[in-house]
Amino acid sequence: MNNINNNVAMVTGASKGIGAAVSYMLAEENISELILVARASQEFNDLKTELKKNTKISVHCYEVDLLQQNEVNDFIANVISSFKNVDILINNAGLTIPKTIFESSLEELMSTMQVNLYTPFQLIQSLLKSGNKFQHIVNIASTAGIKGRAGWSTYSSSKAALTAFSESLREELLPLGTRVSCISPGRCATSLRRVLAPNEDQSTIMQPEDVANVIKLLLSDVGHFIDSENMVVRL
Ligand SMILES: NC(=O)c1ccc[n+]([C@@H]2O[C@H](COP(=O)([O-])OP(=O)(O)OC[C@H]3O[C@@H](n4cnc5c(N)ncnc54)[C@H](OP(=O)(O)O)[C@@H]3O)[C@@H](O)[C@H]2O)c1
C-alpha cells in the first residue's frame, strides 16, 4: 500500500468494531501518525495501549463526544493547530436508535444525523477551509441507506444522506486531487449491529476485519481502479 506510507490518518469511532479494525490495519501500513476519535471508555484505552505497544507509529487519541458541539469544535481546532495535514480521513463513527415512526423522537433523529452526517460534514469542511489537502476520504454509510428498513427510519435516512453527501463531495474534490469513497457495509459483527439484531449469531456474519481489508484495498494503488462511489461490502 505504497500511497499511504508516511501519511497522517484520522479514524472516527475508533474505539471498537469496524473503527478499531481499521485503526489496526492502518497502524500496520506504515502510517506516520494516527488520530483516533471516540468517547472515553475502557475499550478506547485498551486500543491505545495495544497500538502503542505493538507499533512504532504516533497514536493520538482524542476523547470526544460527537453529540456535544462544543467538544467537536474544540477537537477540530486542536487538530488544525497540531497537525500539518490530515491525508486520510475515515468517517466511521455511527449511531443507531432503531424505533418505529410512532416511537422515534425528533431529538433522536437529530442525534443520529449529528453523528452520522453532520460530523463528517463539519470535519471535512473545517479542515478544507483551514487549507488541509486530503488525499483520500472514506465515508462509512450502510446498505440500510440504500434500502430503508422498518424500524430503522432515522438510521437509514442518515446513511442515505451520507451517501448523497459523498457523491457531491467526490465530484467537488476531484479537481483538488482528493479521492472520496463511500462504502456501504451489510451486517457486520459489532455492538451497533447487536442493537439492530439482538438475537443474531454474530459468528455467522461479516467481521470488522473484513471491512478493514476492503478499505485497505481502496487506499492502495489498485483502489484507483475500483468504483467506490457507493461500494457495497457484504458477506
Ligand atoms: N455493524 C454493521 O452491521 C454495520 C453495517 C453498516 C454500516 N455500519 C457502520 O459502520 C460504522 C461503524 O460501526 P460499527 O458497526 O463498528 O459499530 P460500533 O462497534 O458500535 O462502533 C461505533 C463507533 O462509533 C462511535 N460513536 C458512536 N457515537 C459516538 C459519539 N456520540 N461520539 C463519539 N463516538 C461515537 C463509537 O464510540 P464510543 O466508544 O464513543 O461509543 C464507536 O467507536 C458506523 O458508521 C455504522 O453505521 C455498521
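**Helix packing in the predicted model**

In helix α1, the residues Ala20, Ser23, Tyr24 and Ala27 meet Leu47, Glu50 and Leu51 of helix α2, where contact means heavy atoms within 4.5 Å. By class, this contact of α1 with α2 has five nonpolar, one polar and one charged residues, with Ala, Val, Leu, Ile, Met, Phe, Trp, Tyr, Cys and Pro counted as nonpolar, Asp, Glu, Lys and Arg as charged, and the others, Gly among them, as polar. The model is predicted, and local features need pLDDT of at least 70, while side-chain atom pairs count only at pLDDT 80 or more and totals for chains, interfaces and linings use all residues. Residues are numbered from 1 along each chain as its sequence is written, and side-chain values use heavy atoms, with hydrogens and water left out.

The axes of α1 (residues 17-28) and α2 (residues 42-54) come within 11 Å and cross at roughly 15°, and the two helices are therefore roughly parallel to each other, a term for angles under 35 degrees. Helices are DSSP runs (H or I, at least four residues) numbered from the N terminus.

For helix α4 (residues 106-129) and helix α5 (residues 153-173), the axes come within 8 Å and cross at roughly 15°. The residues of the contact of α4 with α5 divide into 13 nonpolar, five polar and one charged.

Leu196, found in helix α6 (residues 191-196), is buried, with a relative accessible area of 15% (buried means under 20%, with a 1.4 Å probe and protein chains only). Leu196 and Pro98 are 98 residues apart in sequence, yet 6.6 Å apart in space, C-alpha to C-alpha.

How values were computed: Axes are lines fitted to C-alpha atoms, for helices over the stretch in contact, and angles run from 0 to 180 degrees between N-to-C directions. Angles under 35 degrees count as roughly parallel, over 145 as roughly antiparallel, 65 to 115 as roughly perpendicular and the rest as oblique. Buried means under 20% relative accessible area, exposed over 50%, partly exposed in between (1.4 Å probe, protein chains only).
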